[in-house]
Amino acid sequence: MSDVVTGTLAQVAAALRAKQLSSVELTRTVLARVDAAQGALNAFVTVDAEGALAQARAADTALARGNAPPLAGVPIAHKDVIMTAGLKTTCGSRMLSNFTAPYDAFVAEGLKNAGTVLIGKTNMDEFAMGSSNETSYFGAVRNPWNTEYVPGGSSGGSAAAVSARLVPGATGTDTGGSIRQPASLSGICGLKPTYGVCSRYGLIAFASSLDTPGMFARTAEDCGLMLNAMAGHDERDSTSLDRAREDYTRDLTVSLDGLRIGLPAEYFGSGIDPDVAAAVEAALAEFRRLGATTVDIALPNVNLSVPVYYVIAPAEASSNLSRFDGVRYGHRAEKYTDLMDMYKKSRAEGFGAEVKRRILVGTYVLSHGYYDAYYLKAQQVRRLIAGDFQRAYEKCDVIMGPTAPSPAFKIGAKTDDPVQMYLNDIFTVAGNLTGAPAMSIPCGFDRVGLPIGLQVQGNYFTEAKILNVAHRYQQATDWHQRAPRGTA
Amino acid sequence: MALTLDDVHRIAHLARIEIDAAAAREVHGKLEAIFAMINTLQAVDTTGIEPMSHAQDVMLPLREDVVTAADQRELFQSVAPAVEDGLYLVPRVVE
């Protein structure tokens, strides 16, 4: 039992299929472990013990009948931005602290149909705005490797839950790095698929042209198994792409002989922690041993990604979050004089400081007389950045570099300086601006034992290639098998 | 394009967020730092560059103009702060 409960998603699915244990037994153990870890990590906002056990019973029935779906009985968790019918969905905000979702998100539906057991909803930065999981109304999440440190954000609860071996897989959303950066800081895998591959239906919207559902797991194989359940066309999201179904695990074992890895000078400059630089260099040496070659590439506009992002994302957020007005759902102030006062007080009370800052930035850049100078300008530079990547992919198959410029930082270290906090996303935001897939995989530890992530980026729809690259690396290294103390 | 304290009050009103003088001063300082970072974009020559609004250059799909969703008014209103007779209640706006 103890081996299975901390196994990978593929191992857990196989053990359940082989009847080594029942899904109900497994779920009970997982619920107890989640409960025991909650005080130290604060990874969950809601735990649905009753619902999880009911789903586990259904999975056991299907497993006994022999007609079980691929991930039958496997425990997972959803980031609390993903709507789950009948279950509280808070988005880490006071605004939605009492909100029960009326329907399932597309990706939640997909994982349900695959047979997974939903343990609960994970803590996150409020409205997915943050890189440290400190802006949550429900308190900061702590890093399982050292609880004085942040797990990264905004999907910090999902990252911590997978890192601490509470669940083998969890969903996240990535608008500027919110899957890859916490995966890096928490020592696990995190994949952001191509924009449009997973429907955004049922996600509480932050920045609609950037928001991308994805997942956390410990292995590339597990990420592929989850993506198989989460991808697909959905008419309810007008940006969902109508493409042929893929098995994202089909190329896992393909040889890396001849793989061309692009190394942008811009990702290896100053400002990178020396331990991060050394771990990434060591990973590149491993890829060369596996048959890959490295090629220097240039992404001359990529350093503009953060300023572009901090125009486009707040602009879209200010528009999306205007729906929270205390009328149809969410927080309404107790005392107000008239309708305008009700709006203003409900929003002032319901949103936290970082969310308000971004709404104000977005309102300003979209306001009369500033649209061309900011929003239009940012969209133009966005195209320049996307063009850099297309030129680079003429010379290479994947692009590698650090996921984040440093390992995890201490809780409270960057909360007073938003710009410093924003620079955590310096290597990840471009992937959202272009919409191409990218993944973080564990590649080492720093001098104090905090994990380091390697980012693997690929061109549009190359998820299977990225997972292949990550899988071969994981077959040759054991970074992904290291567990935080007391969790394995 | 310096952001003034008056701008902060103006955009807070546009965003329908109540803000007092002390909070406005505090957020003003942080917004100045954010805009100093954002304003690096102004130096980029973007003459003739088509704005990119979306990751994929696809046409918005169209569907038949038929009703596909079921009526779930009661379910959707069950999470509202105040409803009556199937209507959302707000403070009186017309005397």
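Is Asp325(A) buried or exposed in this predicted model? Asp325(A) is buried, with a relative accessible area of 14%, where buried means under 20%, exposed over 50% and partly exposed in between (1.4 Å probe, protein chains only). The model is predicted, so that local features need pLDDT of at least 70 and side-chain atom pairs count only at pLDDT 80 or more, whereas totals for chains, interfaces and linings use all residues. Residues are numbered from 1 along each chain as its sequence is written, chains are lettered from A and ligands numbered from 1 in the order in which they are written, and side-chain values use heavy atoms, without hydrogens and water.

**View 1. Salt bridge between Arg328(A) and Asp325(A).** The side chains of these two residues meet at 3.8 Å, N to O; a salt bridge is a side-chain nitrogen of Lys or Arg within 4 Å of a carboxyl oxygen of Asp or Glu. Arg328(A) is partly exposed at 30% relative accessibility, whereas Asp325(A) is buried. Over all chains, the whole structure holds 23 salt bridges.

**View 2. Salt-bridge network of Arg243(A), Glu246(A), Arg250(A) and Asp251(A).** Side chains of opposite charge can pair when their charged atoms come close. Glu246(A) pairs with Arg243(A), with the closest N and O atoms 3.1 Å apart, and also with Arg250(A) at 2.9 Å, N to O. Glu246(A) is buried, at a relative accessible area of 18%.

**View 3. The largest pocket and its lining.** The pocket holds about 580 Å³ of space. On a 1 Å grid over the protein atoms alone, a pocket is an open set of points where a 1.4 Å probe fits, with protein on both sides within 12 Å along at least five of seven lines; lining residues have an atom within 4 Å of a point. Its volume is the space filled by probe spheres set on the points, which are joined across faces, edges and corners. Of the 22 lining residues, Met83(A), Tyr103(A), Leu203(A), Arg323(A) and Tyr329(A) lie nearest the centre. The lining comprises 14 nonpolar, two polar and six charged residues, with Ala, Val, Leu, Ile, Met, Phe, Trp, Tyr, Cys and Pro counted as nonpolar, Asp, Glu, Lys and Arg as charged, and the others, Gly among them, as polar.

View 4. Helices (H or I, at least four residues) and strands (E, at least two) are DSSP runs, numbered from the N terminus. Most residues other than glycine have a negative phi, and most peptide bonds are trans.

**View 5. Asp85(B) in the loop between strand 1 and strand 2 (87–88) of chain B.** Asp85(B) is not a glycine, yet has a positive phi of about 50°. Asp85(B) is exposed, with a relative accessible area of 70%. Val83(B), in strand 1 (residues 83–84) of chain B, is partly exposed at 36%.
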